[in-house]
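Let's take a look at the aromatic side chains in this one. Have the fold open while you read.

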Amino acid sequence: DAGRGGFYPKVFFPKLAATVDRFWKKFECTFYLKPFSDKGVYGWLYRVYPEPWQVVWENVTPDKNGNAEVEYVLVDVLDERPSYAEVVSMLVNASQNKK
């Protein structure tokens, strides 16, 4: 995921960057589950091929005994893989709308 997502700059890793365009971007991911924790929200980007991409928000609240209770809320279903910033934005909006 780091290679496909531009984690390695072309300036410093020209040969690795060339393999990304020529080789790695041609693969279709069959199972993808990535946790997100940014700006105080928690969630997941999930996909099982050939289903669409799903953004899931983790709504954590304390129950009456003080234990954490987790509710998984489906935020959005997308045909194209969203960027990191798009997922974080969706999760932040979901958490603000729930409150």
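Tyr-84 is partly exposed, at 42% relative accessible area; here buried means under 20%, exposed over 50% and partly exposed in between, with a 1.4 Å probe and protein chains only. Keep in mind that this is a predicted model, where local features need pLDDT of at least 70, side-chain atom pairs count only at pLDDT 80 or more, and totals for chains, interfaces and linings use all residues. Residues are numbered from 1 along each chain as its sequence is written, and side-chain values use heavy atoms, with hydrogens and water left out.

Here is how some of the ring residues sit:

| Residue | Relative accessible area | Class |
|---|---|---|
| Tyr-32 | 9% | buried |
| Trp-53 | 5% | buried |
| Phe-36 | 4% | buried |

Now for Tyr-84's partner: its ring centre lies 5.0 Å from that of Phe-36, and with the planes at 35° the pair is tilted. (Rings of Phe, Tyr and Trp, the last by its six-membered ring, pair if their centres lie within 6.5 Å; planes under 30 degrees apart are stacked, over 60 edge-to-face, the rest tilted.) Phe-36 belongs to strand E1 and Tyr-84 to helix H2 (residues 84–98), so this pair ties together parts 48 residues apart in sequence. Helices (H or I, at least four residues) and strands (E, at least two) are DSSP runs, numbered from the N terminus.

Phe-36 also has Lys-34 over its face, 5.9 Å from the ring centre; that takes NZ of Lys or CZ of Arg within 6 Å of the centre and within 35 degrees of the ring normal.

In total there are 3 aromatic pairs. One of them, Tyr-32 with Trp-53, is edge-to-face, at 5.3 Å centre to centre and 75° between the planes. Tyr-32 is in strand E1 (residues 31–38) and Trp-53 in strand E3 (residues 53–62), so they link parts 21 residues apart in sequence.
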